[in-house]
Amino acid sequence: MSGGVNVGADRRKSGDADPPAAETQSPSRQDIPAPTVARLATYLHVLRSFSRRGTLIASSGELATAAGVNPAILRKDLSYIGANGVRGVGYDVGRLTARISMALHTDSVHTVALAGAGQLGRALLAHTGFGRGFRVAAMFDADPSLTGTSLEAGGPAIAPLSDITEACRRMRPAVEIGVVATSDEHAQEAFDAFVAAGVRQVLNVTPVSLTTEADVVVRQVDLALELQVLSFQASRGATQAAAQAAHDHLEISSRDDVSAPPREVKAADGRQENAMGEETVTA
């Protein structure tokens with residue numbers, strides 16, 4: 001009997017934990033929804049911050065709070081890549097980091113070409129550092145004074161925007177992602193040059209709506225728009241807080257009115273009535 005119980009306990013435990021990689025479908029072969037992919041990238045960022053703090057195990061609630069999502073959504077997202085935590089314990093931070101990295105292909109290095117060497121382009125360059133899975137192999141800018149210079153030691157020399165198509169066609173390994181971080185007037189020009197070179201994945205961080213072909217994936221990140229969304233959320237939160245405060249005040253006032261002792265009203269014939277309309281007799 002005891003042997004059977006132990007086997008059952010082992011099975012329950014193994015069911016709660018991540019199954020071995022050989023027993024699960026490779027995350028790269030699964031059809032993961034685009035919103036889930038975006039959230040997985042956020043989870044990966046959170047997990048790496050946990051690792052830097054020395055956190056080895058994290059619950060779904062801790063991960064969800066740090067990522068700004070509902071725990072149920074987080075668990076659903078992680079189910080797409082076959083990641084299951086240990087019930088009552090949580091997720092192994094290192095193991096989950098590796099699994100998400102494999103699903104997002106950050107375990108390999110992707111070649112990026114950046115159009116725009118201004119402040120925004122420099123900020124993007126700083127965020128594609130070691131361990132992120134990206135290598136900025138080429139940089140372009142419309143400013144002639146920047147031609148031939150480099151933004152970092154060992155980094156690519158900046159070339160004119162007019163060189164994008166030819167340079168990207170020659171590059172090996174091939175450019176997988178083009179980033180448009182130019183001034184607004186040069187955004188479409190840079191994008192068209194990437195497309196002409198065969199680049200089919202483009203990140204656009206300008207506010208310009210790019211005219212695109214059907215087989216080109218463009219991810220638009222408008223920082224001003226994101227700020228507007230956040231300001232709306234902040235305003236709505238303030239409005240809801242004010243409405244809740246007014247509601248609470250009315251409830252308190254109502255309770256005070258109900259609990260207050262009846263007021264007595266003197267009638268013309270010497271009798272008294274309280275505030276509830278009940279008649280009382282006076283001496």
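Where in the chain is the place of Leu56? Leu56 sits in the loop between helix 2 and strand 1 (57-58). The model is predicted, so local features need pLDDT of at least 70 and side-chain atom pairs count only at pLDDT 80 or more, while totals for chains, interfaces and linings use all residues. Residues are numbered from 1 along each chain as its sequence is written, and side-chain values use heavy atoms, with hydrogens and water left out.

**Overall make-up**

- The protein has 9 helices and 11 strands; helices (H or I, at least four residues) and strands (E, at least two) are DSSP runs numbered from the N terminus.
- Of the 283 residues, 30% are buried. Buried stands for under 20% relative accessible area, exposed for over 50%, and partly exposed for values in between (1.4 Å probe, protein chains only).
- Accessible areas come from the Shrake-Rupley method with a 1.4 Å probe, and for residues only the protein chains shown count as cover.
- Among contacts (heavy atoms within 4.5 Å) with a separation of 6 or more, 55% are between residues 24 or more positions apart.

**Salt bridges**

- The count is 3 salt bridges, each being a side-chain nitrogen of Lys or Arg within 4 Å of a carboxyl oxygen of Asp or Glu.
- Asp77 and Arg39 pair through their side chains at 2.6 Å, N to O. This pair links distant parts of the chain, with Asp77 in helix 4 (residues 71-79) and Arg39 in helix 2 (residues 34-52), 38 residues apart.
- Asp77 is buried at a relative accessible area of 1%, whereas Arg39 is partly exposed at 26%.
- Glu166 and Arg170 form a salt bridge at 3.2 Å, N to O. Both lie in helix 7 (residues 164-170), 4 residues apart, or about one turn of the helix, and both are exposed.
- Arg200 and Asp215 form a salt bridge at 3.0 Å, N to O. Arg200 lies in the loop between helix 8 (184-196) and strand 7 (201-204), and Asp215 in the loop between strand 7 and strand 8 (217-220), so the pair ties together parts that are 15 residues apart in sequence.
- Arg200 is partly exposed, with a relative accessible area of 27%, and Asp215 is partly exposed, with 46%.

**Nonpolar cores**

- The largest nonpolar core has 24 residues, and those with the most contacts inside it are Ala113, Phe140, Ile164, Cys168, Val180, Phe191 and Phe194. Such a core is a set of buried Ala, Val, Leu, Ile, Met, Phe, Trp, Tyr and Cys residues joined through side-chain atoms within 4.5 Å.
- At least two residues of this core come from each of strand 3 (110-115), strand 4 (134-141), helix 7 and helix 8. Helix 8 gives the largest share, 6 residues.
- Another core, of 21 residues, lies apart from it and includes Ala58, Ala67, Tyr91 and Leu96.

- Leu56, Ile57, Val86 and Val89 make a nonpolar surface patch of about 350 Å². Patches are made of residues with over 30% relative accessible area and no salt bridge, like charges being joined within 9 Å and nonpolar side chains (Val, Leu, Ile, Met, Phe, Trp, Tyr) within 5 Å.
- Leu56 counts as exposed, at 65% relative accessibility.
- Phe134 is in strand 4 and is partly exposed, with a relative accessible area of 34%.
- Phe134 and Val109 are 25 residues apart in sequence and 5.2 Å apart in space, C-alpha to C-alpha.
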